[in-house]
Amino acid sequence: MADSPHVVNVTTADFDRVVVQGSRERLVLVDFWAEWCGPCRMLTPVLVKLADAYRGKLLVAKVNTEQEQALAQQFGIRSIPAVKLFRNGEVVDEFTGALPENAIRDFVDRHIPRESDKLAAQAQQALMQGDADRARALLDAARQMDPENPRVLLADAQFHATVGDMAAAEKALAQLPYEEAQKPEVIAFRAQVHFDAVSMQAPEPEVLQARLAANPADSEARYQLAAHLVMANRFEEALEQLFQLMQKDRKYGDDAARKGLLLIFDILGSNPLVARYRSKLFNLLH
């Protein structure tokens with residue numbers, strides 16, 4: 001390994017301290033490699049060069065998979081080189097193979113903290129304190145400073161969703177780069193925005209329940225009630241309402257019930273409800 005203060009070897013013993021805890025101070029790029037791996041040897045000098053170029057904003061932590069098999073297994077390493085980027089104690093991005101320098105630089109740049117990130121963070125804090133005007137001003141300044149920063153775009157979307165402007169939230173989400181838009185937390189947020197928009201345009205849940213009691217075939221009321229249930233984090237009840245809607249009126253809203261189920265799956269991630277209702281959905285469709 002090249003002699004660089006920004007490149008270190010890590011083992012199971014110090015992985016948590018160097019990588020997990022260290023990533024709360026700066027980005028840590030973990031390179032899973034082995035001596036026999038030709039592409040790994042090609043990648044190493046590129047990572048060393050970039051680590052030095054970022055001047056302390058990035059630490060490259062190298063894990064020898066032959067010597068640290070437990071770490072390789074823990075992170076599901078199946079082929080090498082495999083690179084995982086840690087920020088604030090979590091894996092935020094990854095790639096496999098020996099990418100060219102410009103591609104790796106772009107990969108890292110998406111996550112390097114920028115001045116606009118600080119403004120976005122201050123805006124979120126102001127919004128939590130109930131000062132929407134200050135939050136809006138800070139976000140406007142952040143976007144003017146760095147209009148292509150995806151973290152600012154996401155913060156802007158979250159601001160609009162919080163103040164109830166779902167159309168503006170969806171517009172901000174649409175501006176995210178593809179890689180950012182495909183992150184699970186962004187997909188889940190987009191699903192939340194959808195249901196929030198539906199519930200805001202719908203009557204109160206009590207009114208919808210009364211409509212369904214009077215007419216169980218009222219598909220609009222059932223869909224809108226499901227949206228209210230999602231916003232109340234009553235996901236199992238929401239899933240059941242949408243499943244019933246699929247059974248009763250598959251054509252409603254251009255297959256809105258099935259699409260709604262999938263959106264809730266996006267929100268829930270690995271929740272056991274997802275497996276249960278995926279199975280029910282599969283059985284219904286087949």
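Student: Which word describes Arg143: buried, partly exposed or exposed?

Tutor: Buried means under 20% relative accessible area, exposed means over 50%, and partly exposed lies in between (1.4 Å probe, protein chains only). Arg143 has a relative accessible area of 22%, so Arg143 is partly exposed.

Student: What kind of model is this?

Tutor: Residues are numbered from 1 along each chain as its sequence is written, and side-chain values use heavy atoms, with hydrogens and water left out. Local features need pLDDT of at least 70, side-chain atom pairs count only at pLDDT 80 or more, and totals for chains, interfaces and linings use all residues; the model is predicted.

Student: With which residue does Arg143 form a salt bridge in which the closest N and O atoms are 2.8 Å apart?

Tutor: A salt bridge is a side-chain nitrogen of Lys or Arg within 4 Å of a carboxyl oxygen of Asp or Glu. The closest N and O atoms of this pair are 2.8 Å apart. The pair links distant parts of the chain, 13 residues apart, with Arg143 in helix H6 (residues 132–145) and its partner in helix H7. The partner of Arg143 is Asp156.

Student: Is Asp156 buried or exposed?

Tutor: The relative accessible area of Asp156 is 3%. Asp156 therefore counts as buried.

Student: Which residues does the network of salt bridges with shared partners join?

Tutor: Side chains of opposite charge can pair when their charged atoms come close. Salt bridges that share partners make one network of Arg136, Asp140, Arg143 and Asp156.

Student: How many residues apart in sequence are the parts tied together by Lys49 and Glu101?

Tutor: The side chains of Lys49 and Glu101 meet in a salt bridge of 3.1 Å, N to O. Helices are DSSP runs (H or I, at least four residues), numbered from the N terminus, and strands are runs of E of at least two. Lys49 lies in helix H2 (residues 38–53) and Glu101 in helix H4, so the parts they tie together are apart in sequence by 52 residues.

Student: What distance separates the C-alpha atoms of Arg105 and Leu50?

Tutor: Arg105 is found in helix H4 (residues 101–109). Contact means heavy atoms within 4.5 Å, and Arg105 touches Leu50, Ala53 and Tyr54 when residues up to four places away in sequence are not counted. Arg105 and Leu50 are 55 residues apart along the chain, and their C-alpha atoms are separated by 7.3 Å.

Student: Which side chain is joined to that of Ser116 by a polar contact of 2.8 Å?

Tutor: Ser116 is in helix H5 (residues 115–128) and counts as buried because its relative accessibility is 1%. A polar contact is a pair of N or O atoms within 3.5 Å; within protein, one must be able to donate a hydrogen and the other to accept it, and residues adjacent in sequence count only if both atoms are side-chain atoms. At 2.8 Å, the side chain joined to Ser116 is that of Asn149.

Student: What is the handedness of the disulfide of Cys37 and Cys40?

Tutor: A disulfide is a pair of cysteine sulfur atoms within 2.5 Å. Cys37 and Cys40 are joined with S to S at 2.4 Å, and both are buried. The torsion about their S-S bond is about 80°, so the disulfide is right-handed.

Student: Which residues touch the most other members of the largest nonpolar core?

Tutor: A nonpolar core is a set of buried Ala, Val, Leu, Ile, Met, Phe, Trp, Tyr and Cys residues joined through side-chain atoms within 4.5 Å. The largest has 31 residues, and helices supplying at least two residues each include H10, H12 and H14. Leaving aside neighbours within four places in sequence, Ile264 is in contact with Phe195, Val230, Phe235, Ala238, Leu239 and Leu242. The residues that touch the most other members are Leu239 and Ile264.
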